[in-house]
Amino acid sequence: MMRPFKYLKIAGSFLIGSSGRGLLPFALVCIFLVMAAGCAGPLQVAYSPKAPDKSDKSEMIKAPVTVFIEPAIDQREKKAADPRRIGRIDAVVSDMNAGDLVISEDVEQLVRRALVAEFKSAGFVVMTEGEAKEADFVLRSGVKDLRLDVGPRDSVSVVIAASLEETVTDKPIWSGDGVEKGDRFAGVSGNSRQTLSGYLSFSVSKAIRSILAEVNPLVANTRAAYAPEKLQEAQFEKL
């Protein structure tokens, strides 16, 4: 975000030098309103989790099976009037001026975006368009809780329900919840939009990777993973 004094310097020198002092107060008011609107806008979550540990078998799959990830469903019991509101802000955030923490997209869109990124990182071939039956597996998910309260200690709660079904049998090989709950001290420098986005991404990632830790060993024992063409692809990738 451009510093306020830089805005004032640019606007002041331009207006005084070109059209006189009459427009300067009006210009300053406009600049202030633009800056205030930026600080009050919703939080954009740049989902950027750390790469999985390829040596950890629980985080990676051996065979490149395909998974169709369906749109997630908002299953939260306690919803605010604004469904994008995920918490309260009761401490200073350097570049945000609001009492409610509101994100720039629906929670189910954020979670689906995160699921796509995490399953790709784990070695799955991810499908989000076309026919679900063309994939080896179908992933259905729901957001039971997604909350981040900013205060003296930031508090986070993420609960994602998931079910992975094998398309050949139409039966789930696993269903359960990915959960991450915790709190933290933001440090002497406090929070910013970037730190809040990072903390929320980190928490959603941990919840989804707890799902992958359960799913991956089961996928490895399915007929899809043992299909001859899948085994050939896996062996080719090791070369």
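## Close-up views of a predicted chain

**View 1. Two phenylalanine rings meet in a tilted pair.** At 0% relative accessibility, Phe 119 counts as buried, and Phe 124 is buried too, at 4%. Here, buried means under 20% relative accessible area, exposed means over 50%, and partly exposed lies in between (1.4 Å probe, protein chains only). The structure holds 1 aromatic pair. Its members are Phe 119 and Phe 124, whose ring centres are 5.0 Å apart and whose planes meet at 50°, so the pair is tilted. Rings of Phe, Tyr and Trp (its six-membered ring) pair if their centres lie within 6.5 Å; planes under 30 degrees apart count as stacked, over 60 as edge-to-face and the rest as tilted.

A word on the model before we go on. This is a predicted model, in which local features need pLDDT of at least 70 and side-chain atom pairs count only at pLDDT 80 or more, while totals for chains, interfaces and linings use all residues. Residues are numbered from 1 along each chain as its sequence is written, and side-chain values use heavy atoms, with hydrogens and water left out.

View 2. Helices (H or I, at least four residues) and strands (E, at least two) are DSSP runs, numbered from the N terminus. Starting at that end, the elements read α-α-β-β-β-β-α-β-β-β-β-α-α-α. The chain has 239 residues, and 42% of them count as buried. Look also at contacts (heavy atoms within 4.5 Å): among those between residues at least 6 apart in sequence, 71% join residues at least 24 apart.

**View 3. Strand S7 pairs with S6 and with S8.** Two strands pair if DSSP finds at least two bridges between them. S6 (residues 137-149) and S7 run antiparallel over 12 bridges, with a hairpin of 4 residues joining them. Across this pairing, Gly 142 stands opposite Ala 161 in S7. S7 and S8 (residues 171-184) are also antiparallel, over 13 bridges, and Ala 162 faces Gly 176 in S8. The hairpin of S7 and S8 has 4 residues between the strands, and Asp 170 there takes a positive phi near 60°. How many residues of S7 (residues 154-166) are buried? The count is 12 of its 13 residues.

**View 4. Val 158 sits in strand S7.** This valine is buried, with a relative accessible area of 1%. Val 158 and Val 179 are 21 residues apart in sequence, yet their C-alpha atoms are 5.7 Å apart in space. Leaving aside residues up to four places away in sequence, Val 158 touches Asp 145, Leu 146, Gly 178, Val 179, Glu 180, Ser 203, Val 204 and Ala 207.

**View 5. Asp 74 belongs to strand S2 (residues 73-74).** Is Asp 74 buried or exposed? Asp 74 is buried, because its relative accessible area is 16%. Its side chain makes a polar contact of 2.8 Å with that of Arg 76. A polar contact is a pair of N or O atoms within 3.5 Å; within protein, one must be able to donate a hydrogen and the other to accept it, and residues adjacent in sequence count only if both atoms are side-chain atoms. Not counting residues up to four places away in sequence, Asp 74 touches Lys 79, Val 107, Glu 108 and Val 143.

**View 6. Arg 184 lies over the face of Tyr 199.** The distance to the ring centre is 4.1 Å. A charge sits over a ring if NZ of Lys or CZ of Arg is within 6 Å of the ring centre and within 35 degrees of the ring normal.
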